[in-house]
Amino acid sequence: MKLKIALLLFWGVGLGTCFSQESKDLKLWYDAPASDWNEALPIGNGCLGAMVFGNPVHENIQLNENTLWAGGPHRNDNPKAKEALPKIRTLLFEGKYSEAHKLANEKFISETSAGMPYETVGNLRLNFPGHKTYDNYSRVLDLENAVNTITYTVDDVEFKRELFTSFTDQVMVIKLSANKKGKISFSATMDRPEPSKVNVSTENNNVLVMTGWSSDNKNKRLPAESPAIKGQVEFDARIKIVQDGGKIASTNNQLVVSKANSVTLYLSIATNFVNYQDLSADPHKKAEAYIIEAEKKDYQQLVHDHSSFYKNYFNRVRLNLGKSEAAKNTTDIRIKNFSTGFDPSLAALYFQFGRYLLISSSQPGGQAANLQGLWCKDLTPPWKSAYTVNINTQMNYWPSEVTNLSEMHDPLIDLVKELSVTGQKTAADMYGAEGWVTHHNTDIWRITGPVDGATWGMWPTGGTWLSQHLWEKYMFNGDVNYLSSVYPAMKGAAEFCLSFLIEEPTNGWLIISPTISPEHGPKGRDKSVNIAAGTTMDNQLVFDLLTKTVAAAKLLDTDKELIQRIEQTLPKLPPMQVGQYNQLQEWMQDVDDPEDKHRHVSHLYGLYPSNLMSPYRNPELFEAARNTLIQRGDPSTGWSMNWKINLWARLLDGNHAYKLMGDQIKLVGRPDSPKGGGTYANMLDAHPPFQIDGNFGFTSGLTEMLVQSHDSAIHLLPALPDVWKTGDVRGLRARGGFEIIDLQWKDGVLVKAVIKSTLGGNCRIRSYNELKFEDEKDLMTAQEINQNPFYQTPKTKKALVSKTVISKSLELKPTYVYDIPTTIGQEIVLIKK
């Protein structure tokens, strides 16, 4: 053990001074190499991504570039839908769901493209002869600096590898060093999975180049006569090796380094992608230029610039939930023991890992994080690693505003803007509708037609949900110029809803039809027949979008006729309904099954991420949502489990939310691991297989336990679990431009809060204990509706409640609510009274 500590001290940069408890708070660390991809560690700069295995003998670095997708620019609309639309609506109103389902598959689902998969670039392999017998092994992912470090000893020689994907220089940098001269010898090769065809060659004896094209693609769900979409993305992946001492040679399409003192490797990847319509870039010139520019800096400057850029985002939030002896263990052991032990700093690490992943996979000007973020080892990954916009893509961005990473939200905003262009033709050609539409799945080519069959794809409100993010970003930044830039996309999504809504015959409500409640259907039907009319989720989404579009139009002083049209439509939308089991109904009819354990809880969108339900405004809906969540049960897949953490936080039940955290943080993927969802050894979410949305959902869920700002006030510690008795958090954000500079609690009681106002206006605070100003002055108790425009609550219709429901009053902890007028830039300091 003394030798290991001495080794860590010797290496310094990358591992810190030693593995003290404090140094591990923001590090994932292991005492063995990754045995498979689910144990490798992710690094990325928003464009270039890698999974590092850390094998001393045969290092594998699996590579990604975020514009390398199969196929090329294309559309996938099905024009047969327009003629069939009246018929399918009639069938649905007649309750002929199987016939409607069959018609949707025949006339609505795309016959040309089911969407393209995201693809791996391939692998960089470094082979080190003579390193088979090693000891004192350690590999670390340092979340504070975004650097991956591997150290080990072979025959008393201490070896070190440092790897990072530079945010500032657009290359991956690998530094190989040893504590004795002339000890570094290895070969470097590159490859790509079959059946892809690549060309691997060398240049100038120190550059290895792999070039190729993305795959042709045709989904098996398409008709046999449908042609494949030709792979049109050209890529160039190259690595340049610069050694100190020793020799380098090229042979048999590999580079061989012998007896070097140290080595720096520069890896760049580029494609011909310009945008979803334009593939005219020169990937070879781009990839070569990245390395030329990076070489102008020495290694220390490269790592400094990279980490400084990253820290500008990551260091905005600090979280302390307490410490325990469990932090002395390796990360995989901590994950394995979390649910049965006490390891509060692992929950904090999981939270910060989500922020690390968002910074690393979603940078301004780049592509949005997909189903696997940036990291994908396959040519045909699960679910295409595409953008599934019936929950997963949106969940990726739930942490962006609340955890102070607003810039990381930008790629999703750009994606929505682009869909608002491509989706106009789909709306017109398929539905004869105004505005724009997209369904449950899209890709880098911004397809907007329905795919994968009616069971999943017959859902025309993907754009309705995505457009909520346009408004959500404004709710935090208050930037009217930004709002003006996204308003056309909001308006287009609202126009689609207005022109697509149809009156249902029983109550005269305006509803979306045809549709589904994502990936789910009511009891009593064939399992695959999900098609419906007027689902609760769609009703909530349409209400939200129309309400927010009116607010945006009024702020921008535009579209008075549209405002009038929307205001005439809103009263005609269906109310939410509480069914016979005191549940929130998922469908128009009261057909929910209390034994239903389906992973999707789509109708609870109104609880989170929306704010249509509140214990103070509509307690009957709040209680119905709680009953629904209880009936669905806790066990679930990764992303669903983490959505439920957010939902239980909104239900103000921190202990239940924490219980689900224990269900999420359990080790899977090894022979002795439990089956089902959980967490892989590398801390990535196991759906299974890996989906990144669960990581992001965990981060947003923990945030909702500490701060909420959706129900007319900033609620401090709304769902703090008993287990986190003492702690503090810094840097979280609340709607209306408020930043929580510091929030401290002791023995479960709020003791101090420092809040900065960036926009001014009334700051309404809700707390479970009495507060006062730091100078001992009393706070003003809130009396009336919060006048801050960012804290206006939605005016929903009164719920329809089944006659079988026996109403009871909610049991809520008493709260203290205060109003504090603020000016721009002011900081207020509150303490326990």
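**Sheets, helices and ring pairs**

Start with strand 13, where Phe 235 is the bridge partner of Gly 212. This is a predicted model, so to speak: local features need pLDDT of at least 70, side-chain atom pairs count only at pLDDT 80 or more, and totals for chains, interfaces and linings use all residues. Residues are numbered from 1 along each chain as its sequence is written, and side-chain values use heavy atoms, with hydrogens and water left out. Helices (H or I, at least four residues) and strands (E, at least two) are DSSP runs numbered from the N terminus.

- Strand 12 (residues 207-213) and strand 13 (residues 234-244) pair in the antiparallel sense over seven bridges; strands pair if DSSP finds at least two bridges between them.
- Helix 4 (residues 283-294) lies across strand 12, strand 13 and strand 16 (262-271), and runs at about 150° to strand 16. Axes here are lines fitted to C-alpha atoms, for helices over the stretch in contact, with angles from 0 to 180 degrees between N-to-C directions.
- Helix 5 packs on the sheet too, touching strand 7 (147-154), strand 8, strand 9 and strand 16, and its direction makes about 50° with that of strand 8. Contact means heavy atoms within 4.5 Å.
- There is an open sheet of nine strands, antiparallel in its pairing, with the order 1-6-7-8-9-16-13-12-11.
- At the edges sit strand 1 (27-30) and strand 11 (198-203), each pairing on one side only.
- From one strand to the next, the twist averages 15°.

- Six of the eight residues of strand 10 (residues 184-191) are buried, meaning under 20% relative accessible area, with exposed over 50% and partly exposed in between (1.4 Å probe, protein chains only).
- Strand 10 pairs with strand 5 (residues 122-127) in the antiparallel sense over five bridges, and Leu 126 stands opposite Ala 188.
- Strand 10 also pairs with strand 15 (residues 254-260), again antiparallel, over four bridges. Here Phe 186 has Val 257 as its bridge partner, and Ala 188 stands opposite Leu 255.
- Strand 15 pairs with strand 14 (residues 247-251) in the antiparallel sense over five bridges, with Thr 251 opposite Gln 254.
- Two residues lie between the strands in the hairpin of strand 14 and strand 15, and Asn 252 takes a positive phi near 50° there.

**Helix 2 against helix 3**

- The axes of helix 2 (residues 80-93) and helix 3 (residues 97-107) come within 9 Å and cross at roughly 170°.
- That angle makes the two helices roughly antiparallel; the cut-offs are under 35 degrees for roughly parallel, over 145 for roughly antiparallel, 65 to 115 for roughly perpendicular, and oblique for the rest.
- Residues making the contact include Ala 84, Ile 88 and Leu 91 of helix 2 and Ala 100, Leu 103 and Ala 104 of helix 3.

**Rings and charges**

- The structure holds 31 aromatic pairs. Rings of Phe, Tyr and Trp (its six-membered ring) pair if their centres lie within 6.5 Å; planes under 30 degrees apart count as stacked, over 60 as edge-to-face and the rest as tilted.
- Phe 167 and Phe 309 are stacked because their ring centres are 5.4 Å apart and their planes are at 20°.
- This pair links distant parts of the chain, 142 residues apart: Phe 167 is in the loop between strand 8 (157-165) and strand 9 (172-178), Phe 309 in helix 5 (residues 299-314).
- Phe 167 is buried at 6% relative accessible area, while Phe 309 is partly exposed at 29%.
- The charged end of Arg 355 sits over the ring of Phe 314, 5.4 Å from its centre; this needs NZ of Lys or CZ of Arg within 6 Å of the ring centre and within 35 degrees of the ring normal.
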